[in-house]
Amino acid sequence: MMPQCVAAGSGLNGRVPFVFINNKVFFQQVVIMVVPSRRLFQPPWEFRESALFTAVAVIAGFTIQYVASGRGVAMPHLPFNAIALTLFALLVLSIGLGFREAPTVKWFGGIPLGLCLIFAIALLSLIGGVVPQTAVAPGSLPALLGLNQIFSSWPFALIILLFLANLGLSLSWRLVPFKTQNIQFILFHAGFWIALSCGIFGSPDLQRLVMKVDEGYESNLGYTMESETPQKLPFSVFLHDFSLEGYPPQLFLFDPQSNQPLEELTKTTTLVRKGVKASWKGIDVEVLDFLPYALPGKNGIPEPADSTAGIPFAKVRITSSGAPIEGWVSTGSPMMKPDAVVFQQLVLLMMPGSPKAFLSEVTVHDESGEQTKATLEVNHPITFMGWKLYQMGYDTNAGRWSQYSLIEVIHDPWLPAVYLGFFMIMAGNLLFFWNGIKQAEGAA
Amino acid sequence: MIINFTTAAIVAISCWALGSLLSFFARKTPALKLPAFILSFGGSVVMVGFIAFYWSLLDRPPLRTLGETRLWYAALIPLVGFLVEYRWKIVWLKYYCMALASFFLGINMLHPEVFDKTLMPALQSPWFIPHVIVYLVGYVLLAASSVTAVHNVSLQLRHKANDAGESVSHYLALLGFVLLSFGLIFGALWAKEAWGHYWTWDPKETWAFLSWLAYLGYLHAYRYKIDRAKLQWYLALSFVVLLVCWFGVNYLPSAQNSVHTYTQS
Ligand code: HEM
């Protein structure tokens, strides 16, 4: 006969410490009763051991950083980083699969340690999110502990490595034996493993350089942030033309005494267009006429001009306490003084609008004669020989009349691996979204 | 322009206030239910209309400044409240949501300078709108999850039974996490196109990562043997991290050279 549960005594917190089966009392879930009195390091390990372990790892990391007098982790380039990563992945997988019943290994790949490591990563990132990640005086405490470059510091590297080991172990148990219901888990965890490990192990191979190319000239030199001497690139860039399109200009009231724009006005900057009205503290300004491209004509009245030479002019009427004043304002250019209207010890100015788009017409070619003609624009990089070329900047003082273009060139051989990870996480996300909804519907 | 916003905001806040009042009385007088809903819903409709108008006026989506994103929160948060009422028959959430939305509009009325008019080239990307919308909806869900968790905690403290509430806060957090993950990855893919690298530990990115970690931790704690009642505290507090990420970052010392603090240009 099957034992029959007749009644369950209700214990503390709804836990059931004993059951009556066939009129006998059996103390059930002895484990639960014992867990609170489990001594530290008595298996099965859980949160206390994980927290202790994580804390020791963080402290060890900071100690190494301090002993290395603030020098961060130096990582090897290709192919050595790829070899190291592969060996590490194989090691984690074989420990996971070979010793899957060992209590320590189980703990090492479990959620308690995972949570503590996530907490440690969060804590280190918090340092990185609060302490400015900029150069500080060498020898100062933040520099010695790597607080100002936390993401390449020893504690961060150590915690990430442990995290990858922890995540890798839990992953190995879901990969072998493979079950379709684990796909969501695998996509999330393997995706994150790949993106994180390749992003970090691959970082030494990331090359970011800036090229300055003059209009009508060619260059194959790139500069890094760290060094003054340029590096020769495997291709060169010829700049046909740089051009910039701006938003309409803006009106500003300027107080020459305080040498500052008046706050009220700068807060509510108004884009200039014919018919626009703006008012600040009893001063009303109306734009009577607006010429986006014009040049000063005879008797002070601007005349429309072509777009290369012309600058924006606006005719304004200012009404305040006295009689209305009318006049022309202009933004000026590197070749021309701006025009302003002076009234009541204030100056009404027109500033060029912020840039809307800027682009470089370029031809890129390598030594073998391979070449492409392209337009570089912000958000529209081009790819050439595994390099990505980005429109980065220009001579901001000259604005539309800039004679050169700044082009950032980037080489990142690990990008496809990181993107693979991203897309796996997104696929896992979609499944999670779908299953989450199904679960909730089942529950409701 | 600002005048129009003030009018829209006042109309929306009045709709929410009156709607809340009516739906409070609707407990005794069920006939008031429908008008109460129409009024409360109307508040969000006004905000959606204003956003549409503002979008066409600016010739760009109003998603660039904090002030502009607050417009979206104000329109969307009450909708989450209504949805939860409809789906789980939980009535009280919408009051918190409408109060939160009114609070956001209030901030905008006090600081009209948060309205700005131009969109810098890096933001003119096909990734921009999905990235920001996904984040907005995610934050709205997590805000609702937090509000639910606070309510659950207060019920716990008064020893009231409340199983449904805990599953609501969990489900909202789960959906919010999904959207945060998408937002984070969309942001990374966009950053690669616009700024050259997918991840630079910029303060804003770091804080977005931190808030993602907070909810990642929650999901795993939930899966493990951790007491669900205690996790309500966790959910309630996680929102603080989100708030820092969302507007606190601009005031942190680390943010001086962030590419994401557009408002301080
Ligand atoms: C620290 C290392 C990690 C460990 C040890 C770990 C372990 C686990 C385990 C054992 C589960 C339960 C799976 C199940 O019941 O089917 C789980 C769920 C989950 N994990 Fe992880 N995980 C880790 C990190 C991550 C990361 C980095 C992500 C995100 C990319 C992630 C996303 C998820 C998601 C979304 C779930 C589903 C939660 C749910 O169903 O409520 N995990 N994880």
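Author: Happy to; below we take confidence, the interface, the ligand site and some local details in turn. This is a predicted model, in which local features need pLDDT of at least 70 and side-chain atom pairs count only at pLDDT 80 or more, while totals for chains, interfaces and linings use all residues. Residues are numbered from 1 along each chain as its sequence is written, chains are lettered from A and ligands numbered from 1 in the order in which they are written, and side-chain values use heavy atoms, with hydrogens and water left out.

Reader: Which ipTM and pTM does the model score, and what is the average pLDDT of chain A?

Author: The model scores ipTM 0.83 and pTM 0.81. For single residues we have pLDDT, the predictor's confidence in each residue, from 0 to 100. In chain A, 88% of the residues score at least 70, and the average is 85.

Reader: Over which residues of chain A is the pLDDT below 50?

Author: Contact here means heavy atoms within 4.5 Å. The stretch in question has 37 contacts in the model beyond near neighbours in sequence. Its pLDDT is below 50, and it covers residues 1-35 of chain A.

Reader: And in chain B, which helix has the highest mean pLDDT?

Author: Chain B has a mean pLDDT of 84, with 88% of its residues at 70 or more. Residues 261-265 of chain B stay under 50. Helices (H or I, at least four residues) and strands (E, at least two) are DSSP runs, numbered from the N terminus. Among the elements of chain B, α3 (residues 66-88) has the lowest mean pLDDT, 83, and the highest, 93, belongs to α7(B).

Reader: How much area do chain A and chain B bury between them?

Author: The contact involves 58 residues of chain A and 52 residues of chain B. Buried area is the accessible area (1.4 Å probe) that two parts lose on being put together, summed over both. Of that area, 69% is on carbon and sulfur atoms, and the total is about 4700 Å².

Reader: Which residues form the salt bridge between chain A and chain B?

Author: A salt bridge is a side-chain nitrogen of Lys or Arg within 4 Å of a carboxyl oxygen of Asp or Glu. The count between these two chains is one. At 3.0 Å, N to O, the pair is Glu193(B) and Lys388(A).

Reader: Which element gives the most to the side of chain A that touches chain B?

Author: Elements that each supply at least two residues there include α5 (111-130), α8 (183-201) and β19 (387-394) of chain A. By class, this side has 38 nonpolar, twelve polar and eight charged residues; Ala, Val, Leu, Ile, Met, Phe, Trp, Tyr, Cys and Pro count as nonpolar, Asp, Glu, Lys and Arg as charged, and the others, Gly among them, as polar. The most, 16 residues, comes from α10(A).

Reader: Why is the ligand site shared between chains?

Author: A residue is near a molecule if one of its heavy atoms lies within 4 Å of it. The ligand is surrounded by 19 residues, the closest being Phe163(A), Asn166(A), His189(A), His220(B) and Arg223(B). The site is shared because the residues around the ligand come from chains A and B.

Reader: Which side chain has an N or O atom 2.6 Å from an oxygen atom of the ligand?

Author: Polar side-chain atoms of His189(A) and of His220(B) each lie 2.7 Å from a nitrogen atom of the ligand. The oxygen atom of the ligand is 2.6 Å from the side chain of Arg223(B).

Reader: Which element supplies the largest share of the shell around the ligand?

Author: By class, the shell has ten nonpolar, seven polar and two charged residues. Its largest share, five residues, comes from α7(A).

Conventions: A polar contact is a pair of N or O atoms within 3.5 Å; within protein, one must be able to donate a hydrogen and the other to accept it, and residues adjacent in sequence count only if both atoms are side-chain atoms.
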